[in-house]
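Here is a short briefing to read alongside the model.

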Amino acid sequence: MNPTELSAHGKSGVSRRAFLKGSGAAAAATALVHGPGLVAEETKPNVVSVGLNTITLDVNGKQQKVDVEPRTTLLEALRLGLNLTGAKPISVDGSSGGSTVLLGGKPVSANSILALECIGKPIVTVEGLGGNSTAISGEIAVGAIDPVCRAFVNHDASQCGFCTPGFVMAVKAFLAKNPKATEAQIREGLNGNLCRCGTYANVIPAVVDVVKGARNGS
Amino acid sequence: MKAFEYAAPRSEQEALEFLSADRGRTEVLAGGTDLLGLMKKLIVTPDRVVSLRQVGSLHTIDADSQGLRVGAMVTLEELLDHPASAQYPAVQQAIRSISSQQLQSQGTLGGELCQRPRCWYFRDGHGLLAESGTAIAEGDNRYHAIFGNSGPAKFVCPSRLAPALIALGARVRVIGPNAEDETVMPLEHLFRTPKHDQQREHSLAPDQIVAQILLPPVGERGNASYEVRHGAGPEYPLVAAAATIVAIGGVVSEARIVLGQVAPTPWISAEAAASIISLPVNEETAGAAGDAAVSVATPLSHNEYKVQLVRVAVKRALLLAAGLETGGF
């Protein structure tokens, strides 16, 4: 039994229902059939069993191979598998917004979505925003970094900085949908991101500035 | 998380074949915003997770003269932005109140209805009923039920869309392993108050799934929902109320008032609805409906405060449904 057979209208000869009704030992034995590499990377898997499998994720415009288990979250794949440590593991359930990335252009908490569910969809992390992120630590060349990052720097919108990457990605998603947002709409729209330092007083004006800048064409 | 097998069926039929009749062996994955947190904390430990993401029929919204037919995998954002949902401000208000763009774009309608309770005894591994309810009755129950709490279940139904949908007369299409398992039932029948540890808070068998939600045309009904929240953040509300009314010629001829976050199920307040019939909606009558709603409240040791919040929520939901100012914010 392999994933391809299972996907073919369930005619693999082993009923999936019988699989789960069987003894624990039988189920475990069946589950071991798929080893690493058995999942075709070109097609979305139909069944992926326990253990490591190599998948390809579209991260920041690049096709990147990464080993994941079914239980691996997108956040773990990014941080541990691809060394993209911008998105942060702040809350277990995504309630802080600290792990926000764009998946197919939509804001998602990378720690509440399985890596396997993200195959074939463009993923953008804070590392994928325009320019070289190291520019933030030195002289800020206008235009070298993303306007949202630049506004965060200009407004000193980070304190400890742990929530900042999630916030920046949430702002990107929010402004993509609401490019002319008012301050009140910005406050409401960013409710999914928490900052324990309380830097909201600087984040909100930073986002207001991005809206103004876009209006002025800068 | 415990290791599990992942299945991504392409059709409703295939999804059903992957599900086990044994409670807890398989879990259905929709948006993941609730299930992944539960699995990380080992509150649920399935051997197989069945993702509905690739089942195309669950992703569509169909609008016609019969109303709205919304697939269980439609995201909250897609539902909010759909032109046909403008006739259901109660639903739109409930989605906007969720107030996290991540939850709105990732969370699905089916998942919102099937999410597990937020009860901290449950989330800390004491089980849904936590020692037949005694641990909760004698413990910190500030966020627990004030209605329908005489049995072991003290938790509250966490769904924020269910009150609005039930007030609007929504039905749910549930499918199961056999053709005769398919049923279309009033949405309120999806929820139940468990009486023992083997029951969950939904009436679904372990191998059944919610496929679609069917919303009838709004017709002449005014509808609104109102949440009382601790702050403007993404937290769950303390109490919520949704109301639909038909008021022709200035007096109410039909009313349905459903409360959220106050009972183990969405709580249909027949008392509140009866009190407003044949009357015009104004501050006084809407307030009286709130009083009627709480006339059957049985608060626990630490949640008496919810009684007053229910009065306010019912009053403001009714005023909003009638197109009036609420007097609050």
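Which side chains meet in a salt bridge at 3.1 Å, N to O? They are those of Lys106(A) and Glu77(B), where a salt bridge is a side-chain nitrogen of Lys or Arg within 4 Å of a carboxyl oxygen of Asp or Glu.

A word on the ground rules: this is a predicted model, in which local features need pLDDT of at least 70 and side-chain atom pairs count only at pLDDT 80 or more, while totals for chains, interfaces and linings use all residues. Residues are numbered from 1 along each chain as its sequence is written, chains are lettered from A and ligands numbered from 1 in the order in which they are written, and side-chain values use heavy atoms, with hydrogens and water left out.

**The two chains**

- Chain A has eight helices and six strands; helices (H or I, at least four residues) and strands (E, at least two) are DSSP runs, numbered from the N terminus.
- Read from the N terminus, the elements of chain A follow the order α-α-α-β-β-β-α-β-β-β-α-α-α-α.
- Chain B brings twelve helices and twelve strands.
- Of the 218 residues in chain A, 47% are buried; in chain B, the figure is 58% of 329 residues. Buried means under 20% relative accessible area, exposed over 50%, and partly exposed in between (1.4 Å probe, protein chains only).
- Chain A has an accessible surface of about 10,200 Å², 55% of it belonging to carbon and sulfur atoms. Chain B exposes about 12,200 Å², with carbon and sulfur supplying 52%. These areas come from the Shrake-Rupley method with a 1.4 Å probe; for residues, only the protein chains shown count as cover.
- Among contacts in chain A between residues at least 6 apart in sequence, 48% join residues at least 24 apart. For chain B, residues 24 or more positions apart make up 65% of the contacts with a separation of 6 or more. Contact means heavy atoms within 4.5 Å.

**Where the chains meet**

- 47 residues of chain A are in contact with 48 residues of chain B.
- The two chains bury about 3,800 Å² between them, 47% of it on carbon and sulfur atoms; buried area is the accessible area (1.4 Å probe) that two parts lose on being put together, summed over both.
- On the chain B side, Tyr6(B), Gln101(B) and Gln102(B) lose the most area to chain A, together 18% of what that side buries.
- The rule finds five salt bridges across this interface.
- Ser112(A) sits in the loop between β5 (106-109) and β6 (122-124) of chain A. Why does Ser112(A) count as buried? Because its relative accessible area is 1%.
- Leaving out residues up to four places away in sequence, Ser112(A) touches Asp93(A), Gly31(B), Gly32(B), Thr33(B), Leu36(B) and Gln106(B).
- Ala173(A), in helix α6 (residues 164-177) of chain A, is buried at 7% relative accessible area.
- Ala173(A) and Val101(A) are 72 residues apart in sequence, yet 8.9 Å apart in space, C-alpha to C-alpha.

**Nonpolar cores**

- The largest nonpolar core has 44 residues, and Ile55(A), Leu57(A), Leu74(A), Leu78(A), Val101(A) and Ile123(A) have the most contacts inside it. Such a core is a set of buried Ala, Val, Leu, Ile, Met, Phe, Trp, Tyr and Cys residues joined through side-chain atoms within 4.5 Å.
- At least two residues of this core come from each of β2 (53-59), β3 (62-68), α4 (74-81) and β4 (100-103) of chain A, and α2 (35-40), α7 (120-123) and α8 (134-137) of chain B.
- A second, separate core has 39 residues, including Val74(B), Ala94(B), Ala164(B) and Leu165(B).

**A covered helix in chain B**

- Helix α4 (residues 89-98) of chain B is mostly covered, with seven of its ten residues buried; among them are Ala90(B), Val91(B) and Ala94(B).
- The cover over those buried residues includes α3 (76-81), α5 (101-106), α6 (109-114), α9 (162-167) and β9 (222-228) of chain B.
- Just after α4(B), Ser99(B) adopts a positive phi of about 60°.
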